Amino acid sequence: MRGPYAAWPPVFRAMSAICVAALVGCAHLPKPDGAAGPSYRDAAYLDAGAAKSLLVEIDYVEGTSPRPRSIGTLLKQIDLYLDKPGGVEVVLDDLIPRDEWREDPRAIRQIAYRYRSQEAPEGGTVLHILYGPGYRKYRGFAWPRWTMQEDDPDYGAGLMVVLQDRLKPIAWVTGVKQESNVLVHELGHLLGLATNPGHSTKAHCTNAHCLMYDGVDARTFWLYFFPTLFTGYLPLDFCSDCRQDLYGPWAGVPPGQR
Ligand SMILES: [Zn+2]
Ligand SMILES: [Zn+2]
């Protein structure tokens, strides 16, 4: 890679390539091959195998506490989208001193490596959520498990980052709604969604009503921004194309609706 990265040691160059890819619209991920279905996607992105249970480890920087109702919404959507008969457990884990935060993707990854601590449950896996203040204009982003394990093979989790500075209430669109929207959107990335070129571009779904749609172009302005402003509604669901990607063998029906 040219430019400022050229002087970095190879490990940082590799890492920065991932970071840059990840931050241009969250994460530009290769399309998984092989059979569709949640257990396959889990194996590549969220889980080590077809994990039966899930532990959600939350670490947060001082002053960026998760909103309990948003975590509640995330758990409801996890129940809908993931097959975890062994249960889902949330651990509100470390409080990170504010002065450790740097507005830099490499530094954010380093914090995640430093604070990732909870053991996976028996036969299960871990979803790591890191709350911080801000990075540029992003509300959140995600790194699938396999990209985190390139730098630390023992990391054992997918990572989502939630940036509270960008999740302040706008009119009657509450902070709770925005944070819920980001959590479930990033979960979608960690499941491998928006990688199907049939209805995705730049790692986001092209269906404007979909939670995996990236919210800044003209169509969004009309189809998404105004409904949001006037009704306070933010999508919390994946569109039928995205559901088809995950649950093709089950006619697009997620585990929580079967
Ligand atoms: Zn995204
Ligand atoms: Zn979609």
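Colleague: How do you know what Cys-242 touches, leaving aside its neighbours within four places in sequence?

Modeller: Cys-242 is in contact with Leu-193, Cys-205, Cys-210 and Met-212, because the C-beta atoms of each pair, placed from the backbone, lie within 7 Å. This is a predicted model, where local features need pLDDT of at least 70, side-chain atom pairs count only at pLDDT 80 or more, and totals for chains, interfaces and linings use all residues. Residues are numbered from 1 along each chain as its sequence is written, while chains are lettered from A and ligands numbered from 1 in the order in which they are written.

Colleague: What makes the 48 residues a nonpolar core?

Modeller: They are buried Ala, Val, Leu, Ile, Met, Phe, Trp, Tyr and Cys residues joined through C-beta atoms within 7 Å. Buried means 20 or more other C-beta atoms within 10 Å of a residue's own. This is the largest such core, and Cys-242 is among the residues with the most contacts inside it, as are Leu-159 and Met-160.

Colleague: Which element gives the largest share of this core?

Modeller: S5, with six residues. Helix H8 (240-247) is one of the elements that give two or more. Helices (H or I, at least four residues) and strands (E, at least two) are DSSP runs, numbered from the N terminus.

Colleague: Why are S2 and S4 called edge strands?

Modeller: The open sheet has the order S2-S1-S3-S5-S4, with mixed pairing. S2 (87-96) and S4 (140-143) each have a single partner strand, so one side of each is left without a neighbour in the sheet. The twist averages 15° from one strand to the next.

Colleague: What makes S4 and S5 a pair?

Modeller: Pairing needs at least two DSSP bridges between the strands. S4 and S5 (residues 157-163) have four, in the antiparallel sense. Phe-141 has Val-161 as its bridge partner, and Gly-140 stands opposite Val-162.

Colleague: Are the residues of S4 buried or exposed?

Modeller: Buried. Gly-140 and Ala-142 point one way, Phe-141 and Trp-143 the other.

Colleague: Which residues of H3 meet H6?

Modeller: Arg-69, Ser-70, Thr-73, Leu-74 and Gln-77. In H6, their partners include Glu-179, Leu-183 and Leu-187.

Technical notes:
Contact = placed C-beta atoms within 7 Å. Axes fitted to C-alpha atoms, helices over the stretch in contact; angles between N-to-C directions. Buried ≥ 20, exposed ≤ 12 C-beta atoms within 10 Å, placed from the backbone.
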